[in-house]
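Please consult the structure below while reading.

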Amino acid sequence: QFQQVQSMMCDLMEWRSQLLSGTLPKDELKELKQKVTSKIDYGNKVLELDLIVRDEDGNILDPDKTSVISLFHAHEEATNKITERIKEEMSKDQPDYASYSRMSSSPTHSLYVFVRNFVCRIGEDAELFMSLYDPQKSTIISENYLVRWGSRGFPKEIDMLNNLKVVFTDLGNKDLSRDKIYLVCQIVRVGKMDLRDSNSKKYTQGLRRPFGVAGTWCL
């Protein structure tokens with residue numbers, strides 16, 4: 001039972017990191033919240049704790065605002081779902097204790113990135129957005145790290161020169177088991193509409209336009 005609960009806690013910590021990242025689309029965010037609440041309810045059943053009833057969005061039902069009949073049906077539905085989940089878990093093979101050992105020894109990982117220089121002839125200010133990307137699922141799995149780069153080839157905050165560092169934290173074992181993870185840099189040009197426009201009356205300053213993208217395999 002300890003190994004089982006440990007595995008569920010590792011999953012919950014990883015999903016929590018994804019929820020806090022703020023990079024998930026609305027539909028994936030809702031689906032992940034449902035997975036989290038389902039895992040919590042299942043864990044409570046395994047530990048013989050009280051059953052929590054929820055609505056379709058995973059929010060806990062307020063007994064003061066919900067009728068007795070509605071609460072009864074919610075309890076009945078939640079019990080059926082958990083029972084089916086238990087049958088599914090029992091039908092699976094024996095747990096992989098080697099994977100449990102890896103989780104217990106190092107449940108989370110981090111990736112350290114040091115930006116030394118940015119070489120790209122733009123002629124205007126730029127914003128660099130760096131993030132971790134899963135090519136198999138075509139999705140970003142981390143928060144963005146923003147670097148503001150000046151038109152003269154230096155960081156906008158000159159005191160940050162040679163000090164542009166970031167740590168991508170809370171990478172779980174499932175992240176390391178992905179086929180590949182790329183470090184992607186999206187480049188956004190900040191300035192006038194057309195670089196060739198020399199008449200200041202014909203353009204608007206501060207326009208943000210996609211300029212380029214770069215990537216490298218990191219995990």
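## Helix H2

The model is predicted. In helix H2, the buried residues are Leu32, Val36, Thr37, Lys39, Asp41, Tyr42, Gly43, Asn44 and Val46. Helix H2 covers residues 26-46.

After H2 comes Glu48, which has a positive phi near 60°.

## Helix H1

Helix H1 is formed by residues 2-21. From its first C-alpha to its last, H1 reaches 29 Å, close to the 28 Å expected for its 20 residues at 1.5 Å a residue. Its buried residues are Gln6, Ser7, Met8, Cys10, Asp11, Leu12, Glu14, Trp15, Ser17 and Ser21.

Just after H1, Gly22 adopts a positive phi of about 75°.

## How the helices meet

The axes of H1 and H2 come within 10 Å and cross at roughly 155°. Angles over 145 degrees count as roughly antiparallel, and H1 and H2 are therefore roughly antiparallel to each other. The crossing of H1 past H2 is left-handed.

On the H1 side, the contact is made by Gln4, Val5, Met8, Asp11, Leu12, Trp15, Gln18 and Leu19. H2 contributes Leu29, Leu32, Lys33, Lys35, Val36, Lys39, Ile40, Tyr42, Gly43 and Val46. Sorted by class, this contact comprises 11 nonpolar, three polar and four charged residues.

Terms used: Residues numbered from 1 in each chain as written. Predicted model: local features only at pLDDT ≥ 70, side-chain atom pairs only at ≥ 80, totals over all residues. Heavy atoms only, no water. Axes fitted to C-alpha atoms, helices over the stretch in contact; angles between N-to-C directions. Helix = DSSP H or I, 4+ residues; strand = E, 2+ residues; numbered from the N terminus. Parallel < 35°, antiparallel > 145°, perpendicular 65-115°, else oblique. Left-handed = near helix turned anticlockwise from the far one by under 90°. Contact = heavy atoms within 4.5 Å. Nonpolar A, V, L, I, M, F, W, Y, C, P; charged D, E, K, R; others polar. Buried < 20%, exposed > 50% of the residue type's maximum accessible area, 1.4 Å probe, protein only. Expected span 1.5 Å × (residues − 1).
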